[in-house]
Each structure stands twice: as structure tokens, then as C-alpha cells.
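Work through the following exercises with the sequence and the 3D structure at hand. Try each task before you read its solution.

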Amino acid sequence: MIWFTWRQHRAQALAGLVLIALTAAVFLPYGHAIRDAYAQHGVGPCLGRGTDGQRCQSAMRAFMDQFNGISNHLLTWFSPLPGLIGAIIGAGLLGREYEQGTWRLAWTQAVPRTRWLTVKILLIGSAIAVMTASLSAVFGWFRSPIDHVSGKFAPGAFDLEGLSLTGYTLFAFALGVLAGLLLRRTVPAVVTAFGAFLAVRLPVEYWLRQRYQTPVSELLDPSVNLTTGPSAVPISPGSAPWVLNQSMVDKAGHPIPPTLQDQISQHTQALHGQAAGAYLNRLGLHLKVVYQPANRFWTFQIIEASLFVGIAAALLGIAVWHLHRRST
Amino acid sequence: MSAALETRGLGLRYGKAWALRDCSLALPAGSVIALVGPNGAGKTTLLHLVTGLLRPTEGTVEIFGEDARAGSSQALARVGFVAQEHPLYRSLSVADLLRMGRSLNLRWDQPLAERRLHEIGIPLNKRAGELSGGQQAQVALALALAKRAPLLVLDEPLANLDPIARRDFMRTVMAAVAEDEITVLLSSHVVADLEAVCDWLVLLNRGTLQLAGAIEDVLAGHRILTGPRTDADQHVPGLVRATHSDRHTDLLLRTATERSDLHPSWQSHPVGLEELILAYLEQPAVTR
């Protein structure tokens with residue numbers, strides 16, 4: 001069974017290794033360039049000491065301007081990949097057997113079909129886990145200087161580093177296996193599995209992920225000029241948190257009405273720098289920031305990976321059970 | 001004679017429609033059994049139930065006295081199967097297919113498979129997809145025979161094969177029957193393919209069993225009566241089919257004896273296998 005699984009899937013395994021090799025070949029030199037610039041701009045000492053000085057802010061901004069673009073491209077190129085790769089490998093597992101009629105050959109040897117499927121799932125699933133973990137390691141290494149500045153919660157970091165890439169791919173693989181079993185055709189199964197993958201994956205990223213743990217709220221001095229987004233530059237030492245929301249609040253911590261907010265922003269635009277800060281302080285306002293602290297990265301990674309691997313395991317269990325019960 | 005294959009009340013339902021229903025059979029070991037019926041009669045369903053590819057909705061399947069429904073390794077090892085259109089992994093070489101058989105089976109006779117393929121001139125290093133239809137059928141058969149299973153099941157093995165390939169295929173099957181004393185169950189809708197090689201007949205139509213028995217006994221148990229045209233004979237016991245021409249009526253009867261009691265002036269003569277099968281398959285409601 002092990003030899004047979006290898007013989008059937010060795011082309012895919014080879015393609016996976018080529019993908020890893022290509023990724024490494026492209027990103028290792030780039031990673032070195034990033035590290036050189038990181039040292040050259042003196043980003044490390046800034047992050048260690050305190051980042052609100054003018055010199056440090058401009059150094060980090062220059063560094064991010066130089067490399068944030070490429071790291072965002074990385075996300076654009078690679079974020080659909082786990083879904084596609086997983087769906088294609090998974091859908092072909094049973095879809096091809098049905099399409100070519102070879103299920104009647106495969107399951108009339110002396111290996112019961114449920115064991116046949118279970119062994120294949122375990123072997124291919126393990127290979128997927130090892131390969132995606134290797135890809136994540138390459139991405140993590142490549143991005144780590146950028147992550148020091150913008151934090152590992154940025155989508156380009158969180159979705160590709162750690163465990164989440166492996167979780168997504170296994171989830172798409174499981175969807176593909178089940179779709180191939182039910183639809184008995186590879187291409188429709190790939191399309192269905194990928195659609196279902198996105199239907200779960202996107203709400204998790206944009207809605208569910210920030211709710212894994214209760215976020216922390218903090219009242220800051222209103223004059224702090226906090227920027228958000230992937231190219232955000234931290235204003236305090238340490239890794240950047242994941243800022244979910246920031247708003248002006250009054251002394252009691254209540255949000256201020258929108259009409260007042262408009263007045264204030266008109267006023268502050270007329271003033272600048274320290275005068276604006278002094279004006280906001282005089283009103284007794286605070287900046288309320290809601291965020292997930294940077295040190296929750298691994299907790300969130302484990303929650304997200306368990307979620308996707310858990311659903312994947314359930315789907316694969318359904319597939320094995322369904323094949324066992326199947327009367328067609 | 002012990003039963004190679006025994007089914008009791010076997011049935012399979014898809015939704016509300018029964019693909020096969022109430023099928024009880026006992027096929028003797030060592031025979032070559034023809035499973036005959038029109039397309040859609042339930043032949044493939046019955047064969048897939050026997051090989052464990054399908055699970056019955058009701059009833060039992062026993063192969064050499066052991067339950068085949070479990071789908072266990074032991075149950076699978078007792079049946080060699082060549083599915084319709086003899087599917088193979090087309091991108092695998094013949095040698096890889098043999099290796100697949102070796103790694104997926106409890107018993108595996110590699111020398112036997114290699115010898116058979118060598119005898120008919122199929123190179124082991126060729127991909128299955130590059131072989132002719134007849135050669136692919138032979139490779140599929142070699143895989144099934146190398147399992148050394150006591151029961152060999154062939155689903156429409158001769159469809160899509162040219163006459164030479166048909167002859168070669170059946171030659172291999174009959175050689176295996178002679179050498180290894182296996183039992184063979186093969187389905188076909190072409191009667192002429194079967195007459196020379198089969199000694200047992202199972203007739204299916206619309207998911208129900210119509211006839212099962214040794215061909216010799218079946219033929220001996222039917223007679224055709226020919227006489228002047230009449231419409232009054234519909235209630236003759238054992239009537240399978242009545243055909244009327246302008247002046248004559250032919251009655252196919254299930255009877256072992258001369259039925260001079262019916263009509264003294266009628267002529268009685270034996271029936272051929274093909275005619276018998278066609279009569280059963282044409283008849284919309286057949287008395288069992």
C-alpha cells in the first residue's frame with residue numbers, strides 16, 4: 001500500500017519538492033537583502049530602545065517602504081495556493097479512480113477500501129504537512145525582519161508562517177477528498193472544494209480570528225499618531241500588536257459623538273504637532289486602542305491550525321465512513 | 001457438489017428502484033457460469049455485490065461458505081475480478097501493475113502472471129495505456145488470476161474485443177479453469193460467446209432471476225411444441241413464450257417430458273440455448 005501510494009503520487013510529491021526548492025531559491029537571496037537593509041537602517045537598535053524618535057521613525061519607514069511591497073506580493077501569490085494545491089490533490093484521490101473506472105480494480109485487491117483510503121489519507125496528509133511546514137519555514141525566515149517591525153499578525157505573516165498554512169492545505173485536501181467521493185469527477189470536485197475552502201477560510205480571517213481571545217483595550221495619550229495597516233510602524237518598543245480598532249473617547253471612556261469628532265478633527269488639522277496634542281489633552285480626550293498583543297501569535301496560530309485541522313479530520317472521517325457505507 | 005457462490009434473498013435498492021431483488025442462487029464449484037441478461041438487467045450489480053464493491057440492501061452472499069459482505073481482506077482474496085472495460089492505471093507500466101497486485105494482495109503468484117504475459121507477448125515495460133484493448137484485457141485477467149482466487153468473476157470481458165482477442169481471452173480463462181480448477185462467473189449479453197465454454201446458466205432480467213441451472217439440464221427441461229395456430233394455449237402450465245404466425249403456433253414450455261396430452265398432433269422438439277435465452281428475455285412476464 002505504501003509503495004502503491006508512492007507510485008501513484010510520486011509526481012505530485014516531486015512537484016511539491018520543486019515548489020519548495022523554487023521558493024527557497026527565490027526567497028533566500030531576497031531574505032539576505034532584507035537583512036542587510038535591516039542592519040543598514042539600524043532598525044534593530046530602534047526597536048530595542050524605543051521607536052518614537054524622529055530618526056528611528058524615518059529609518060523604519062524607509063525600511064518598510066523598501067520591502068513591504070514585496071512581502072505583500074508574497075501574500076497575494078501564495079494565499080490561494082494552499083486551497084488550490086490541497087483541493088487538487090484531494091479531489092484527484094478518489095475523483096480519478098471513479099473517472100477512469102480504476103476504483104473497481106483498486107478495491108477488488110485484498111486491501112479493504114476503507115483501509116485503502118485511510119492509508120492514502122495518512123500518507124498524503126503527512127507529506128502535505130511536511131511540505132507546507134517547510135514552505136512556512138522559508139516564508140518565516142524571509143519575513144522575520146519585516147515581522148519585527150510590523151508584527152506577525154499582519155495577514156501576510158499570519159497566513160503563511162507558523163502552522164496556519166499547513167492547516168489550510170490539509171483542510172482543502174479533506175474537502176477535495178470528500179468532493180471527489182461525492183461527485184466522482186476530478187474537476188468539479190476541485191472547483192467545489194476550492195469554493196468551500198474560500199467560504200470557510202475568508203470569514204475566519206476577517207471575522208472569526210480577532211475573536212479567538214478577548215482583545216485588550218488601552219487608553220493612550222491622544223496626541224499619539226498611531227498608524228495601522230500592513231506597513232504600520234510601531235511607536236513603542238517591542239513587537240507590533242494587532243490593532244483592531246482605535247477611537248477618541250472622553251474622560252469617562254465613552255465614545256464622543258460624531259458631530260464633536262468632526263469639530264475636533266477640523267481643529268487639529270489647522271493646528272499641528274504639539275499644539276494639536278495640547279488641544280486634545282485640554283479637552284480631556286484619550287485615544288482608545290483595541291488590540292491583540294503580539295505575544296498571542298502562537299496561541300492564535302494553534303487555535304487557527306486546530307480549527308482547520310479539526311474540520312479536515314472530521315471531513316476525512318466522513319469520507320471514510322461514507323466509502324464504508326457506500327452502496328453505489 | 002459444494003457451492004462456490006451462494007446468495008440468499010439478495011437485493012440492492014437505489015432510492016426506490018431495485019437494481020436486483022430477491023436473488024437466490026447456488027453456483028457449483030468448478031463450473032463456468034454464464035450470467036446472461038440484457039443491458040440494465042442487473043448483471044453488473046450482481047457481480048459487484050459478489051466482489052464486495054457494493055453492499056446489499058438485503059440478503060446474503062457467501063463465497064465458499066463464508067460471508068463476502070464484510071469486505072474483509074480474506075473475503076476479497078477469494079475473488080479475482082475483471083471489471084467491465086477492464087480498467088487499468090493507464091500511466092503505470094505492466095511491471096508496476098504487477099507490483100501493485102503484489103503489494104495489495106495476500107496471495108500473489110508473480111511467476112504465473114509473468115509467464116502468462118510472456119506467453120502472449122506483452123512486454124512488462126510498456127505502459128498500460130499504450131497496449132491494445134485486447135492486451136489490456138489480458139493484463140487485467142493476468143492480475144485477477146495471479147491472486148490465485150478460487151472464484152474468478154468477469155464482467156462483460158469480451159465486449160469491445162475483436163474476435164481474435166475474444167478467442168485469446170477465453171483461451172486463457174479456460175486454461176486457468178483446467179490447470180487450477182477455479183470457478184468462473186462471467187457476464188455477457190452475447191450468447192454466442194458463452195455456448196462453447198459455459199456449463200451453467202444464470203438468466204437475469206429487470207433485476208430478477210429468471211433461470212439458473214446447468215445448461216444441459218436447462219435445455220433438457222424445455223421443449224418447443226409446434227402446431228396449428230391457436231390462441232387457447234396461454235394457460236398451458238410451464239409456458240415461457242408463445243409465438244404465433246398465420247397458421248402455426250410455437251410454444252416454448254418448461255417441461256421435461258413429451259406433452260402429447262396437450263395436443264396429440266403437435267410436434268415436439270428440443271430448443272437451442274440462444275433461442276431459449278431470447279425467449280426468456282423477450283417475455284415481459286415470465287412464469288418461473
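**Exercise 1.** At what angle do α1(A) and helix α3 (residues 94-104) of chain B pack, and how far apart are their axes?

*Solution.* Before starting, note that this is a predicted model, in which local features need pLDDT of at least 70 and side-chain atom pairs count only at pLDDT 80 or more, while totals for chains, interfaces and linings use all residues. Residues are numbered from 1 along each chain as its sequence is written, and chains are lettered from A and ligands numbered from 1 in the order in which they are written.

Step 1: Two packed helices are described by the angle between their axes and the distance between the axes. Axes are lines fitted to C-alpha atoms, for helices over the stretch in contact, and angles run from 0 to 180 degrees between N-to-C directions. Helices (H or I, at least four residues) and strands (E, at least two) are DSSP runs, numbered from the N terminus.

Step 2: For α1(A) and α3(B) the angle is about 145°, and the axes are 8 Å apart.

Step 3: Look for residues in contact, that is, with C-beta atoms, placed from the backbone, within 7 Å. On the α1(A) side these are A:Trp3, A:Phe4 and A:Arg7, which meet B:Asp96, B:Arg99, B:Met100, B:Ser103 and B:Leu104 of α3(B).

Step 4: Sort the residues of this contact by class, where Ala, Val, Leu, Ile, Met, Phe, Trp, Tyr, Cys and Pro count as nonpolar, Asp, Glu, Lys and Arg as charged, and the others, Gly among them, as polar. The contact of α1(A) with α3(B) then has four nonpolar, one polar and three charged residues.

**Exercise 2.** How many residues of chain A are in contact with chain B, and how many of chain B with chain A?

*Solution.* Step 1: The count gives 18 residues of chain A in contact with 29 residues of chain B.

Step 2: On the side of chain A that touches chain B, α1 and α5 (103-106) of chain A each supply at least two residues, and the largest share, three residues, comes from α1(A).

Step 3: By class, that side of chain A has eight nonpolar, seven polar and three charged residues.

**Exercise 3.** At roughly what angle do the axes of α1 (residues 2-40) and α3 (residues 54-78) of chain A cross?

*Solution.* Step 1: These axes come within 10 Å and cross at roughly 165°.

Step 2: Angles under 35 degrees count as roughly parallel, over 145 as roughly antiparallel, 65 to 115 as roughly perpendicular and the rest as oblique; the angle therefore makes α1(A) roughly antiparallel to α3(A).

Step 3: The residues that meet are A:Tyr30, A:Ile34, A:Ala37 and A:Tyr38 in α1(A), and A:Phe63, A:Gln66, A:Phe67 and A:Ile70 in α3(A). Seven residues of this contact are nonpolar, one is polar and none is charged.

**Exercise 4.** Which residues of α4(B) and α5(B) make the contact of these helices?

*Solution.* Step 1: The axes of α4 (residues 110-119) and α5 (residues 133-146) of chain B come within 9 Å and cross at roughly 155°, and the two helices are therefore roughly antiparallel to each other.

Step 2: The contact is made by B:Gln110, B:Leu112, B:Ala113, B:Arg116 and B:Leu117 of α4(B), together with B:Val139, B:Ala142, B:Leu145 and B:Ala146 of α5(B).

Step 3: Its residues divide into seven nonpolar, one polar and one charged.

**Exercise 5.** What radius of gyration does chain A have, and what radius does chain B have?

*Solution.* Step 1: The radius of gyration is taken over C-alpha atoms, and the globule rule is 2.2 Å times the number of residues to the power 0.38.

Step 2: Chain A contains twelve helices and three strands. Its radius of gyration is 25 Å, whereas a compact globule of 328 residues would have one near 20 Å. Along its principal axes the C-alpha trace of chain A spans about 80 × 45 × 25 Å.

Step 3: Chain B contains nine helices and 14 strands. Its radius of gyration is 21 Å, close to the 19 Å that the globule rule gives for 288 residues, so chain B is as compact as a globular protein of that length. The C-alpha trace of chain B spans about 65 × 40 × 35 Å along its principal axes.

Key:
Contact = placed C-beta atoms within 7 Å.
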